[in-house]
Amino acid sequence: MVKILITSGPTRQYLDPVRYISNASSGRMGAALATAALQLGHEVVIVSGPVPTVYPAGARVISVVTTDDMLAASQEWFTECDGAIGVAAPCDYMPQIVETEKIAKTGEPLTLQLIETPDVVATLGQTKRDDQWVVGFALETNDRRFRATVKLEKKHCDMIISNGPIAMDSDVNDVELLDTAGEVIARVKGTKQKVADVLMTEIDRRLIRKTPA
Ligand code: C5P
């Protein structure tokens with residue numbers, strides 16, 4: 001049995017006390033991976049942004065709001081985990097200034113200055129110990145395999161899962177699992193639970209048990 005950190009869901013970046021930037025990530029792929037990992041007998045910690053999805057009861061859930069919060073919680077919990085799966089869709093940008101009062105309409109266009117947020121998976125990948133592993137996801141609309149391989153290298157992942165826009169806020173997914181050489185080691189299409197079961201079996205075999213291919 002090992003302990004696995006799963007980042008899941010979207011994050012929110014507030015512009016003012018009531019408005020925020022976010023995305024349609026539902027947390028369903030994270031919940032499905034957690035279920036699959038628990039079924040294999042592993043311990044699971046989920047660091048999740050705000051989602052309507054109910055995570056499996058056996059997982060410990062740490063709720064966060066912003067990408068900075070997700071990074072801080074993930075770094076803290078990763079130290080006691082054997083590996084991490086980054087399936088969250090954290091906001092890549094945040095407003096440079098968060099207004100303390102609700103932004104009032106002026107009749108003029110409103111320009112927002114956005115700055116980059118930290119990359120959670122890349123930070124875990126860069127700082128992981130030799131005995132830890134990191135698996136990332138890459139949602140791409142074109143050149144999927146190539147772009148996923150570039151991200152795998154850039155974020156120091158041990159495997160990456162390439163999926164398409166069908167993954168967003170749906171019950172199904174269509175993925176390829178790539179190893180560090182960019183080779184496709186699994187291809188699976190179907191419900192998120194079916195996809196998660198196949199992915200977790202491969203992660204378990206190759207990164208946890210280190211069974212030769
Ligand atoms: O670069 P892109 O967002 O496509 O990369 C996707 C991968 O990076 C996913 O594993 C996602 O969870 C992770 N990611 C992250 N922090 C960000 C952006 C993406 O952990 N700020």
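These legends go with close-up views of a predicted model.

View 1. In an unreviewed entry, UniProt lists residues 3-204 as "domain: DNA/pantothenate metabolism flavoprotein C-terminal". Over residues 3-204, the chain is 28% helix and 29% strand.

**View 2. The residues around the ligand.** Now look at the shell of 16 residues around the ligand. Gly86, Pro90, Val120, Val121 and Gly136 come nearest to the ligand. Two elements, α3 (120-127) and β9 (133-139), each supply at least two residues of this shell. Which element gives the most to the shell? That is β9, with four residues. Sorted by class, the shell has eight nonpolar residues, five polar residues and three charged residues.

**View 3. Helix α2 beside helix α3.** Two packed helices are described by the angle between their axes and by the distance between those axes. Helix α2 (residues 67-78) packs against α3 at an angle of about 30°, and their axes are 9 Å apart. Because angles under 35 degrees count as roughly parallel, α2 is roughly parallel to α3. The crossing of α2 with α3 is right-handed. On the α2 side, the contact is made by Thr67, Met70, Leu71, Ser74, Gln75 and Phe78. On the α3 side, look for Val120, Thr123 and Leu124. By class, this contact has five nonpolar residues, four polar residues and no charged ones.

**View 4. Helix α1 crossing helix α5.** Here helix α1 (residues 28-39) meets helix α5 (residues 192-208), with axes that come within 8 Å and cross at roughly 50°. The two helices are therefore oblique to each other. What is the handedness of the crossing of α1 and α5? It is right-handed. From α1, the contact residues are Arg28, Met29, Ala32, Leu33, Thr35, Ala36 and Ala37. Their partners in α5 are Lys192, Gln193, Ala196, Asp197, Leu199 and Met200. The residues of this contact divide into eight nonpolar, two polar and three charged.

Terms used: Residues numbered from 1 in each chain as written. Predicted model: local features only at pLDDT ≥ 70, side-chain atom pairs only at ≥ 80, totals over all residues. Near = placed C-beta within 6 Å. Nonpolar A, V, L, I, M, F, W, Y, C, P; charged D, E, K, R; others polar. Axes fitted to C-alpha atoms, helices over the stretch in contact; angles between N-to-C directions. Parallel < 35°, antiparallel > 145°, perpendicular 65-115°, else oblique. Left-handed = near helix turned anticlockwise from the far one by under 90°. Contact = placed C-beta atoms within 7 Å. UniProt positions renumbered as here; feature names shortened; annotations may be inferred.
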